[in-house]
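Here is a short briefing to read beside the sequence and the 3D view. Please keep both open.

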Amino acid sequence: IRDCGFFPKDNMGFEKDDKSEPIRVLVTGAAGQIAYSLLYSIGNGSVFGKDQPIILVLLDITPMMGVLDGVLMELQDCALPLLKDVIATDKEEVAFKDLDVAILVGSMPRREGMERKDLLKANVKIFKSQGTALEKYAKKSVKVIVVGNPANTNCLTASKSAPSIPKENFSCLTRLDHNRAKSQIALKLGVTADDVKNVIIWGNHSSTQYPDVNHAKVKLQGKEVGVYEALKDDSWLKGEFITTVQQRGAAVIKARKLSSAMSAAKAISDHVRDIWFGTPEGEFVSMGVISDGNSYGIPDDLLYSFPVVIKNKTWKFVEGLPINDFSREKMDLTAKELAEEKETAFEFLSSA
C-alpha cells in the first residue's frame, strides 16, 4: 500500500463537457491479477471521470477464457452505471476494434532459468502482433499504455508495428516506480505522499532505472523545500533510496510470493488519468515515451522514462532541468541498457 503513493486527487472536479458517447477501453492480460485490481477503478469512474460511459474490452489468451468469464461475472455484479458494455474475448480483431485507449498489461512473464534475451524474444512476438492489430483495427487517435515487461522495449515494438499511429500516442508505465520513490521520501520525512512532488524516474523500467529527487519538492510546515535540503542525508538519497526503489518489485515478490498488483493497478490509473485530464499546474510525472527531440542527451528512438507535463492529452518533456555528474552517469547507464534491449528485440522483430 505504501507504494501506491496515495494522495487525494479530485476525481469529481473535472470540467464537464458532453461525455455521453462511450469510449472503448481495452485491457489485455485481463484475467491476471493486475487487471483484477485495475478493472474496478476503470469501471467506477476513477480513471476517465464520473460522467464518462465506457465500453470495456477484456483480452486474454484462450486457456484463460474460463477465468475471464469469472471476471466478467464479477464486473456485472459490481453493477457499475458507467459500464455500458463489457466484452471478453481471445481474438485480437475483436479486442482492438475502434479503440480509444489500449492498456497492454498482458505479457510473457519471466520464468525461472529464463534469460532476458528469451523473455525479449517471446514478448517481441506478442507486441508485434498487438501493434499490428492496433494499426489495423484501432482508431488512429488511440492512446496506448504498455505495462507488460520489459515494458519500454515492448512499447517500442508495438509502436514500430503500428506506423500510422503517432509514436507520441505510445507510453509505458514507470509511474509505479515514480510512486514508490515519492512514497519512500514521504515515509522518511513523516509526511504523506501528496506532500512530495516532482520526483523523476529516468530510463528503463528495470533495475537500472534512475530515481532522481534533485528536482523534487516536499511540503514541510506549509512551505515547499527541496528534498535534498529537507532530508539532509545525501548518502541515503544517493544509496539506499535508489536501490530500494530499483529493487522494490523483487522485494514485493519475495514477501508476497506474487508480483505487485494493487500498487501496479493504482499506478496505471494515475498514468492514464493524467493522460486524460492533464497534470496539475507546477507538477510533472514520469512516463516512458519516445526519446526523439529530448534535451537531455538521450539518443533518439528509445522508449525512455522522462519527466513530462500533460495538457490536452498531449505530453511534453520537462525542459531545462540541470543534470549533475552523478545523474548523468546513471541516466546514460540505463540508456545503454535500453539501446541493447532494442537491438536484441529488433533482430527478433525482423525475423518474427
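How much area do domain 1 and domain 2 bury between them? They bury about 2,600 Å², and 63% of it is on carbon and sulfur atoms. Buried area here is the accessible area (1.4 Å probe) that two parts lose on being put together, summed over both. The size of an interface is often given in this way, as the accessible area lost when the parts come together.

This is a predicted model: local features need pLDDT of at least 70, side-chain atom pairs count only at pLDDT 80 or more, and totals for chains, interfaces and linings use all residues. Residues are numbered from 1 along each chain as its sequence is written, and side-chain values use heavy atoms, with hydrogens and water left out.

**Domains and their interface**

- The domain assignment of the protein chain gives domain 1 as 23-107 + 118-172 and domain 2 as 174-342. Such bounds come from an automatic or database domain assignment.
- The C-alpha centres of domain 1 and domain 2 are 24 Å apart. Domain 1 brings 29 residues to the contact and domain 2 brings 34 residues. Contact means heavy atoms within 4.5 Å.
- On the domain 1 side, Gln33, Asn152 and Leu156 lose the most area to domain 2. Together they account for 22% of what that side buries.
- The rule finds 2 salt bridges across the interface of domain 1 and domain 2. A salt bridge is a side-chain nitrogen of Lys or Arg within 4 Å of a carboxyl oxygen of Asp or Glu.
- The same interface has 14 residue pairs in polar contact, both residues at pLDDT 80 or more. A polar contact is a pair of N or O atoms within 3.5 Å; within protein, one must be able to donate a hydrogen and the other to accept it, and residues adjacent in sequence count only if both atoms are side-chain atoms.
- Helix H1 (33-43), strand S4 (101-104), strand S5 (143-146), helix H5 (151-160) and strand S6 (170-172) each supply at least two residues of the side of domain 1 that touches domain 2. Helices (H or I, at least four residues) and strands (E, at least two) are DSSP runs, numbered from the N terminus.
- That side of domain 1 divides into 16 nonpolar, 9 polar and 4 charged residues. Ala, Val, Leu, Ile, Met, Phe, Trp, Tyr, Cys and Pro count as nonpolar, Asp, Glu, Lys and Arg as charged, and the others, Gly among them, as polar.

**Salt bridges**

- A search of the whole structure finds 13 salt bridges.
- Aspartate 100 pairs with lysine 139, with the closest N and O atoms 2.8 Å apart. Aspartate 100 is in the loop between helix H3 (92-95) and S4, and lysine 139 is in the loop between helix H4 (116-137) and S5, so the pair ties together parts 39 residues apart in sequence.
- Aspartate 100 is buried at 13% relative accessible area, while lysine 139 is partly exposed at 36%. Buried means under 20% relative accessible area, exposed over 50%, and partly exposed in between (1.4 Å probe, protein chains only).
- Aspartate 301 and lysine 160 meet at 2.8 Å, N to O. Aspartate 301 lies in the loop between strand S12 (285-290) and strand S13 (303-311), and lysine 160 lies in helix H5, 141 residues away.
- Aspartate 301 is buried, at 19%. Lysine 160 is partly exposed, at 36%.
- Arginine 180 bridges to aspartate 177 at 3.5 Å between the closest N and O atoms. Both lie in helix H6 (residues 175-189), 3 residues apart, about one turn of the helix.
- Arginine 180 is buried at 4% relative accessibility, and aspartate 177 is buried at 0%.
- Salt bridges with shared partners join Lys160, Asp301 and Lys342 into one network.
- Aspartate 292 and lysine 167 also form a salt bridge, at 3.1 Å from N to O.

**Single residues to look up**

- Lysine 197 sits in strand S7 (residues 196-197) and is buried at 17%. Its side chain reaches the backbone oxygen of glycine 282 at 3.4 Å.
- Leaving out residues up to four places away in sequence, lysine 197 touches Ala216, Lys217, Glu224, Gly282 and Glu283.
- Tyrosine 36 is in helix H1. A polar contact of 2.7 Å joins its side chain to that of glutamate 74.
- Serine 46 is in the loop between H1 and strand S2 (54-59) and is buried at 14%. Its side chain makes a polar contact of 2.6 Å with the side chain of asparagine 44.
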